[in-house]
Amino acid sequence: MDKGIYVSLLPKGKIKRTLTTESGEVELPETTIADEIILFSELDFEHYAQVVELLNTIADAIPSPPKNLTQEEINAYDLLLDTTEDLVTTLEQEDLLCGTMTRTLLEDALPPGCTSPASADQTKSMLLRAVSDPMRFQFLLNSVLYDMKDGIALDLDKKYCALKELVVSQHLILGDELTARYHFRSVATYYCFLLLHFIVMKPRVLLCQCCGRYFIPKTKKETLYCDRIFIRNRTCKQVAPGMKHQIEAMRQTVIDEFDRAKRRMYNRYSRALDKKAPSEKDLTLSEYYEWLNRATAARDQFVKGELSQEEALSIINVP
Ligand SMILES: [Zn+2]
């Protein structure tokens, strides 16, 4: 089978997935579209983003157009290709799905033989685009979740026009009945496919009032808390009622402030991404993920009573 991920849609929002890697086929655990969406929205790209920034710095040392490259510039180009290979190999070890799909995207973006210094221009821009693809999609996904949580209608004409149409490769398999399987070779198209199904399912996206993370309630019943393990093997749903007073008091402050700050920080990063008018306040990718990790830890420690509200807010709200 061709490399990439194969997905079959099952009843009740479940999916079955087979990942085809360099070394064979891996059956991934059965999951639901909603769980997979929430999981990807929270993936930590901090170290990955640092390497992507390094790649950008290396790429800046290669002139455009790449005529008569000096030995130093050819070395920079080789370093760019080697570092990308290391990055993808490490990602494959840490996250088989994202790693494999980034490799297949790179294979599609950079056909064999186009890596000679003469095509350095094209190669470096395609390569930088491909390695930042998972993070770009994560930003878009978080923005969609944010709007869904606030009940804002998704702006498919402008803000999310990328979601309006998706070309997918569908395989029809004739057995006792006709079944369909979808094939993807990039992280963004796979998650985009799931996100489109997620949106039309019209799920209720809620912010857990204990841990402050997004969740989709499994039933129609009113609920404020999620089923993640929060402390000592107990879930938010189990511990929150006993902490109701503390949680009520902090709800308007740390948890909501974290959510607002995340949005603000994301805007500061995306302005820099557009490169139209980056200001001093704009963030690089890795600065954004560094902040996110620090702020998430501060929020969690605050909820567990390990940090004061003041301390937590001073970490979450950076100038
Ligand atoms: Zn929770």
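**View 1. The protein chain is divided into domain 1 (4–161) and domain 2 (206–316).** These bounds come from an automatic or database domain assignment. The model is predicted: local features need pLDDT of at least 70, side-chain atom pairs count only at pLDDT 80 or more, and totals for chains, interfaces and linings use all residues. Residues are numbered from 1 along each chain as its sequence is written, and side-chain values use heavy atoms, with hydrogens and water left out. The C-alpha centres of domain 1 and domain 2 lie 26 Å apart.

**View 2. Domain 1 meets domain 2.** Here 21 residues of domain 1 are in contact with 20 residues of domain 2. Contact means heavy atoms within 4.5 Å. About 1,900 Å² is buried between the two domains. Carbon and sulfur atoms give 58% of that area. Buried area is the accessible area (1.4 Å probe) that two parts lose on being put together, summed over both.

**View 3. Three salt bridges are counted between domain 1 and domain 2.** A salt bridge is a side-chain nitrogen of Lys or Arg within 4 Å of a carboxyl oxygen of Asp or Glu. Side chains of opposite charge can pair when their charged atoms come close. In the chain, Lys149 and Asp259 join their side chains in a salt bridge (2.7 Å, N to O).

View 4. On the side of domain 1 that touches domain 2, the elements giving two or more residues are α1 (33–41), α2 (46–60) and α5 (120–149). Helices (H or I, at least four residues) and strands (E, at least two) are DSSP runs, numbered from the N terminus. Helix α5 gives the most to this side, with 10 residues.

**View 5. A salt bridge joins Arg185 and Asp108 through their side chains (2.9 Å, N to O).** Arg185 lies in the loop between β5 (178–184) and α6 (187–200). Asp108 lies in helix α4 (residues 96–109). The pair therefore ties together parts that are 77 residues apart in sequence. The structure holds 21 salt bridges.
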